[in-house]
Amino acid sequence: MADILGYKGKRVIVTGCFSGMGEATARLLLDLGAEVHGFDYKDSALPLASFTNVDLRDPASIEAAVAKLGGRIDALFNCAGLPGGGGFPAMDTMKVNFIGTRHLTECVLPLMAGGGAIVSIASTGGLGWSRRIPVHMDLLKTEGFQGALDWAEAHMDQVSEGYAFSKEAIIVWTQYMGAQLIKKGIRINCSLPSPTQTPMMATFHATSGKDVVDAAAEPLGRYTTAAEQAGPIVLLCSDAMSVVNGIVLPVDGGFMGGLTTGQVDISKMIGKAKASA
Ligand SMILES: NC(=O)c1ccc[n+]([C@@H]2O[C@H](COP(=O)([O-])OP(=O)(O)OC[C@H]3O[C@@H](n4cnc5c(N)ncnc54)[C@H](O)[C@@H]3O)[C@@H](O)[C@H]2O)c1
């Protein structure tokens, strides 16, 4: 059968390849014949073409990793992330989920040619993005890692615990950059997973409460798996998606559609779960 996804021989980077969705994404790309280069601050045991220890909180670490890898890059999978709270400082969450991820993408872009593709994992936790687009556009005007960090430190009222804001920022940035990068033939998209059984889940339960997390898993009625999240983002960066660009793809078993059509009322569901607890 024809290789409609077109990953054979492609050089790709996967961040967050140590665990969860990043690891599942790297595994799938290896199965599809890609040359997979992993970036994480924890070592990966996968049979990757290369692994580089990168701390997304540190611009020098990001720049050194991209310089060391060099060459042509066909696709970038921004899977690394931190939850908010649970002992993680808000600014670490902002750095990993948005500031460092944007910086890495900007470092990789000069290595990409037409046909290149980028995807970032955002979250249904960022669904409030449309309420404060001007705030996010202001953040997007900043230049480089330090510019965004200075902005975030001056806007802690918006950033709060870091998670929702950083995911909203990825969503607005993806849509903004989609309209810019397509002029060079490069695509950028993001996904919005619903609750997924990965190591991060323990922190979500501790900080938001299991009831709230469970409510966001409706109408599917269960958490998704890391592999179920990897498939759609691998598809998004594939040749089969050649004009799919700047989109925000819910990977949530129907949560977003249920909310839009009034069939999922998250506030009622949380209330009911609390009442019966
Ligand atoms: N699990 C969920 O329910 C859920 C839901 C929506 C979105 N997400 C998002 O999915 C993405 C993947 O998370 P996951 O659920 O697979 O969790 P995970 O904790 O298994 O994976 C996160 C990865 O990011 C890496 N990482 C963390 N800090 C880093 C740093 N400073 N530098 C480099 N790498 C770093 C970790 O080592 C790990 O490999 C994250 O962006 C997360 O916010 C998760």
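Is Arg 222 buried or exposed, going by its C-beta neighbours inside 10 Å? In this predicted model, Arg 222 counts as exposed because there are 12 such neighbours, and a residue with 12 or fewer falls in that class. Arg 222 sits in the loop that links H9 to H10. Its C-alpha atom is 9.4 Å from that of Gln 197, a residue 25 places away along the chain.

As background, most peptide bonds are trans, and most residues other than glycine have a negative phi. Ser 160 is located in the loop between helix H6 (156–159) and H7. It comes out as partly exposed because 15 other C-beta atoms lie within 10 Å, a count that falls between the limits of 12 for exposed and 20 for buried.

Glu 153 is part of helix H5 (residues 144–154), and it counts as exposed, since it has 12 C-beta neighbours inside 10 Å.

Once neighbours within four places in sequence are left aside, Phe 255 is in contact with Thr 124, Ser 194, Ala 216, Glu 218, Pro 250 and Val 264. The C-alpha atoms of Phe 255 and Ile 266 are 9.6 Å apart, for 11 residues along the chain.

Gly 126 is buried too, since 21 C-beta neighbours fall inside 10 Å. Its place is in the loop between strand S5 (117–121) and H4. With neighbours within four places set aside, the contacts of Gly 126 are Ala 164, Lys 167, Glu 168, Ile 170, Ile 171 and Leu 192. Between the C-alpha atoms of Gly 126 and Val 251, which are 125 residues apart along the chain, the separation is 13 Å.

Next comes the packing of helices. The axes of helix H4 (residues 133–140) and helix H7 (residues 163–181) come within 10 Å and cross at roughly 75°, which means that H4 is roughly perpendicular to H7. On the H4 side the contact is made by Ile 133, His 136, Met 137, Leu 139 and Leu 140, and on the H7 side by Glu 168, Ala 169, Val 172, Trp 173 and Tyr 176. By class, these residues divide into 8 nonpolar, 1 polar and 1 charged. Glu 168, named here on the H7 side, is also among the contacts of Gly 126.

H7 matters for the core count as well. The largest nonpolar core has 65 residues, and Val 14, Leu 29 and Phe 77 have the most contacts inside it. H7 supplies the largest share of this core, 8 residues. In general, nonpolar side chains tend to be buried together in soluble globular proteins. Not counting residues up to four places away in sequence, Phe 77 touches Val 12, Ile 13, Val 14, Thr 15, Thr 25, Val 119, Ile 233 and Cys 237. That list includes Val 14, itself one of the residues with the most contacts inside the core.

Finally, the ligand. It is surrounded by 30 residues, the closest being Gly 16, Phe 18, Gly 20, Gly 81 and Thr 198. Helix H1 (20–31), helix H3 (90–108) and helix H8 (201–208) are the elements that give two or more residues to this shell, and H1 gives the most, with 3 residues. The shell divides into 17 nonpolar, 9 polar and 4 charged residues.

How values were computed: Residues numbered from 1 in each chain as written. Predicted model: local features only at pLDDT ≥ 70, side-chain atom pairs only at ≥ 80, totals over all residues. Axes fitted to C-alpha atoms, helices over the stretch in contact; angles between N-to-C directions. Helix = DSSP H or I, 4+ residues; strand = E, 2+ residues; numbered from the N terminus. Parallel < 35°, antiparallel > 145°, perpendicular 65-115°, else oblique. Contact = placed C-beta atoms within 7 Å. Nonpolar A, V, L, I, M, F, W, Y, C, P; charged D, E, K, R; others polar. Core = buried A, V, L, I, M, F, W, Y, C linked by C-beta atoms within 7 Å. Near = placed C-beta within 6 Å.
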